[in-house]
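Please look through the model shown here, together with its sequence, before reading the report that comes after it.

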Amino acid sequence: MSISENKYDYHLHSHFSTDCETELPDIIASAKAHGLCGICLTDHNDLNFPETPDNVTFDLDIDNYITTLSELRSDLLPDFDLRIGVEQGVMPTTCEELSSYSTQHPGLDFIICSSHVVNNLDPYYPETFMNPDGSYKDVNVIYRTYYENILYNVEHFNDYNVYGHLDYIFRYGPEKVTTEAFSKKHFPYLKELIHEILKVIIENGKGIEINTGSLFRGMEYMHPHTDILKMYKEMGGEILTFGSDAHDTEHIGFMIEEAAELAQSIGFRYFSTFKAMKPEFIKL
């Protein structure tokens, strides 16, 4: 069965996320209009998120969230498949506190583990990469620190299904990281570290996502870069989800079919959906 017959978006945000205002009825209508047969809402929950210039926090009202989506799901079935997920922003300092989140909040189908912070700063803001005098920090050190934190997370945190946008940090650095620049400039010094991260992910029965949101945010490639996807496949990784990371109706389902084609070209035979935190494999 082709992706066009089983088209799911497994990374989406609604008004339950602090950085999103899109209402649930509009999301459902847009998903149907874009030919999706199902979605998984994955609103932000970032415990102890650092202070930001605009005082943004990402504390999810989880009980209301699950109740609201559960009621909506019952109204949509059997014509549309709505799953309930969370994008869990994880840091080394929050691994332990978040370790039982899914059992504490029954009703969740899916958890993306994401790294949104490095050196207690959100890379979305330019200040992450700048010294007090306005000069730039060594970005290669920041990138390495980011992946060292991910390695710590996967070694100490297990309450998730896939690791999200593994090269998220490259969206926001001071340089435009092209497809070629990642391969030639950054992957060589990060390769061993990324290999160890993927090794732990696979050994723990977890997966990764192909996130198309980088493309409508100005990057040349989907998250993660093809070099990382190929490494994951060569190491025996099998669990793979597709998500747009949309915060608006325009980008729901964005290039999901192209993500599936990329996965197939690398050798993946299946993608995954999730129910009650368990993977369901669908042939590409």
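The model is a predicted one. Its seven strands form an open sheet, in the order β1-β2-β3-β4-β5-β6-β7, with parallel pairing. Strands β1 (8-12) and β7 (240-243) stand at the edges, and because each has a single partner strand, one side of each is left without a neighbour in the sheet. Within this arrangement, β2 (residues 38-46) and β3 (residues 81-89) pair in the parallel sense over nine bridges, and Cys40 stands opposite Arg83 in β3.

Cys40 is in no disulfide, since the sulfur of the nearest cysteine, Cys37, is 13 Å away. For Cys95, the closest cysteine sulfur is that of Cys113, at 7.2 Å, which is too far for a bond, given that a disulfide requires two cysteine sulfur atoms within 2.5 Å.

| Cysteine | Relative accessible area | State |
|---|---|---|
| Cys40 | 0% | buried |
| Cys95 | 3% | buried |

A bend of about 70 degrees is found in α5 at Phe187, and a proline, Pro188, follows within four residues. The buried residues of α5 include Phe187 itself, along with Ala181, Phe182, His186 and Leu190, and the elements that cover the buried residues of this helix include α4 (139-156), β5 (162-163), β6 (207-211) and α6 (226-234). Just after α5, Gly205 takes a positive phi of about 70 degrees.

Which residues does His223 contact, leaving aside its neighbours within four places in sequence? His223 lies in the loop between β6 and α6, and it counts as buried because its relative accessibility is 0%. Its contacts beyond those neighbours are with His165, Asp167, Tyr168, Arg171, Glu209, Ile210, Asn211 and Ser214. With Asp167, the side chain of His223 makes a polar contact of 2.6 Å. The C-alpha atoms of His223 and Thr212 are separated by 6.5 Å, although the two residues are eleven residues apart along the chain.

How values were computed
Residues are numbered from 1 along each chain as its sequence is written. This is a predicted model: local features need pLDDT of at least 70, side-chain atom pairs count only at pLDDT 80 or more; totals for chains, interfaces and linings use all residues. Side-chain values use heavy atoms; hydrogens and water are left out. Buried means under 20% relative accessible area, exposed over 50%, partly exposed in between (1.4 Å probe, protein chains only). The bend at a residue is the angle between axes fitted to the seven residues ending there and the seven starting there. Helices (H or I, at least four residues) and strands (E, at least two) are DSSP runs, numbered from the N terminus. Contact means heavy atoms within 4.5 Å. Two strands pair if DSSP finds at least two bridges between them. A polar contact is a pair of N or O atoms within 3.5 Å; within protein, one must be able to donate a hydrogen and the other to accept it, and residues adjacent in sequence count only if both atoms are side-chain atoms.
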